[in-house]
Amino acid sequence: MEKPSILLVDDEEDILSVLKFVLEKEGYQVATAPSGEEALKLMDKNYFDIVLSDLRMPGIDGIQLLERVKELSPSTDVVIMTAYASIDSAVTAIKKGASDYIVKPFINEDVKMRLKRILEHKSLQKEVEALRYQLSQRLKGDIFWGTSPQMQEIMRLLERVIPTKSTILILGESGTGKGVLAEFIHNNSPRQDKPFISINCSAIPENLLESELFGYKKGAFTGAITDKKGLIELANGGTLFLDEIGDMPLNLQAKILKFLETGEFIPLGDTTKKQVDVRILAATNKNLEELIKEGKFREDLYFRLNVIEIKIPPLRERREDIPALVYFFIDKLTKEHNKKVKGITNEALSFLINYDWPGNVRELKNVIERAVILATGEFITANELPERIKGNRGLEFPAKTLKESLEEFEKNIILNTLKQVNYNKEQTAKILGIDLATLYRKLKKYQIEEI
Ligand SMILES: Nc1ncnc2c1ncn2[C@@H]1O[C@H](COP(=O)(O)OP(=O)(O)OP(=O)(O)O)[C@@H](O)[C@H]1O
């Protein structure tokens, strides 16, 4: 375990040297800066677990520094030191994201205790994240959870709603994985041993859809020569997934709504109601609010369905998930096609990261499948990628600062190189043309030190 790193910022030399002495004795790695400006320079090249800064300093003051640190390195904790008289500013600091504040003159023991508490909390947080990640990997289903904040947020929500019977509306562009998510929800819910039935509302003609869903009595219409159970009844105890719900005809929407409200339905041609216990999941790539405005979707059904709404972001808005997804599919498809592909070259991976993926994960999966089949060596190279993917290099990186984009790119390239050489750090540093110490610093910065 590496020593926790602390950056002390104060324009008073004495305070810096006293604190440095005290904290180094505690086993911390301590750097010092006489001003906010100097602190930011140091932060450019190093990762710090905690920045302990004075509030009042000439130039960039403690609050401004806090704001910059939170932008540059959100996982760095900031502790503000302040004189008793400016306790109000300390409150401001906490509101702006400081983890704690220390009143001057301080007692060394108090400082040590506060920093220790923050670090403990930090490692606990890391543990929770790691556990959550393990949990997501352990949950059943052929689905890959990215580590992007958006997917983690969905995971957090799912943890709470999967065990319930609550209706869930899954939104997202085509190919984002709405279908696999619905199955995943069922397979991890208490209903997992009961049926999961999926119906694509846009693929079945209107009159058939109704009889498919609700079933019919013998003689209900020409051709109804026996009673037939509908999917709703077949799903009893389990889950019914209404895919492409946006394409469901209006008269059926009314019937589904009634069913959702009462749990009861009447098969076609029957007179008695039937009661079932079915969890409903629905998905669409259409904008339901637009459809409501156009009179094509019932507002009351929309409200009934979207008790819980999960919006899967398009792949181009969570590019950081691309490398891991690529490896997920390489593993899976290599086995399926009995090939020996181990990874992907940095060049090919960067094409994949930069492409916009209008067909989302489905398109990515297809591209990897093709590449795995075509690959002649152990690594997928740019030669095995379709031209459309190579045409787009570096054109777009939406809604991110240059620094963020570069960092993301750097992290991906490091991770990918590590994988290529079986996590040998010396070799990775050599390939990337950096020294080992720099590599370690970057691993720490990007929190990939545990590999
Ligand atoms: N997170 C994921 N992990 C693994 N595979 C995924 C993931 N997301 C999508 N896929 C794969 O991508 C393909 C498309 O997924 P799915 O059919 O669930 O998308 P969809 O959003 O329902 O698409 P559509 O709106 O076109 O029906 C499937 O082959 C699925 O296996």
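Let's start inside helix H13, whose buried residues are Ile-322, Pro-323, Val-326, Phe-328, Phe-329 and Ile-330. Here, buried means that 20 or more other C-beta atoms lie within 10 Å of a residue's own; exposed means 12 or fewer, partly exposed is in between, and C-beta atoms are placed from the backbone. Please keep in mind that this is a predicted model, in which local features need pLDDT of at least 70, side-chain atom pairs count only at pLDDT 80 or more, and totals for chains, interfaces and linings use all residues. Residues are numbered from 1 along each chain as its sequence is written.

**Overall picture**

- The protein has 19 helices and 16 strands, where helices (H or I, at least four residues) and strands (E, at least two) are DSSP runs numbered from the N terminus.
- Of its 451 residues, 31% count as buried.
- Among contacts between residues at least 6 apart in sequence, 69% join residues at least 24 apart; a contact means C-beta atoms, placed from the backbone, within 7 Å.

**Helix H13**

- H13 covers residues 322–336, 15 residues in total, and reaches 21 Å from its first C-alpha to its last.
- That span is close to the 21 Å expected at 1.5 Å a residue, the expectation being 1.5 Å times one less than the number of residues.
- After H13 comes Asn-338, with a positive phi near 55°.

**Around the ligand**

- The shell around the ligand holds 14 residues, of which Ser-174, Gly-177, Lys-178, Gly-179 and Val-361 come nearest; a residue is near if its C-beta atom, placed from the backbone, lies within 6 Å.
- By type, the shell divides into 4 nonpolar, 7 polar and 3 charged residues (Ala, Val, Leu, Ile, Met, Phe, Trp, Tyr, Cys and Pro count as nonpolar, Asp, Glu, Lys and Arg as charged, and the others, Gly among them, as polar).
- Helix H7 (178–187) and helix H15 (360–374) each supply at least two of the shell residues.
- Domain 2 (161–313) and domain 3 (316–445) both give residues to this shell, so it lies between them; the domain bounds come from an automatic or database domain assignment.
- Asn-360, placed in helix H15, has a positive phi of about 55° although it is not a glycine.
- Asn-360 counts as buried because it has 22 C-beta neighbours inside 10 Å.

**Nonpolar cores**

- The largest nonpolar core has 39 residues, and Ile-170, Ile-232, Leu-240, Leu-242, Leu-281 and Ala-282 touch the most other members; such a core is a set of buried Ala, Val, Leu, Ile, Met, Phe, Trp, Tyr and Cys residues joined through C-beta atoms within 7 Å.
- Another core, of 30 residues, lies apart from it and includes Leu-8, Ala-39, Val-51 and Val-78.
- Beyond its neighbours within four places in sequence, Ile-232 is in contact with Leu-213, Phe-214, Leu-240, Phe-259, Phe-265, Val-276 and Val-278.

**Loops worth a look**

- Lys-104 and Pro-105 are joined by a cis peptide bond, with omega about -5°; Pro-105 is in the loop between strand E5 (100–104) and helix H5 (108–138).
- Glu-244, in the loop between strand E10 (239–243) and helix H10 (250–262), has a positive phi near 55°.
- Glu-244 counts as partly exposed because it has 19 C-beta neighbours inside 10 Å.
- Ser-202 lies in the loop between strand E7 (196–200) and helix H8 (206–214), and is partly exposed, with 13 other C-beta atoms within 10 Å.
- Leaving aside neighbours within four places in sequence, Ser-202 is in contact with Glu-244 and Asp-247.
- Ser-202 and Asp-247 are 45 residues apart along the chain, yet their C-alpha atoms are separated by 5.2 Å.

Key:
Two residues are in contact if their C-beta atoms, placed from the backbone, lie within 7 Å.
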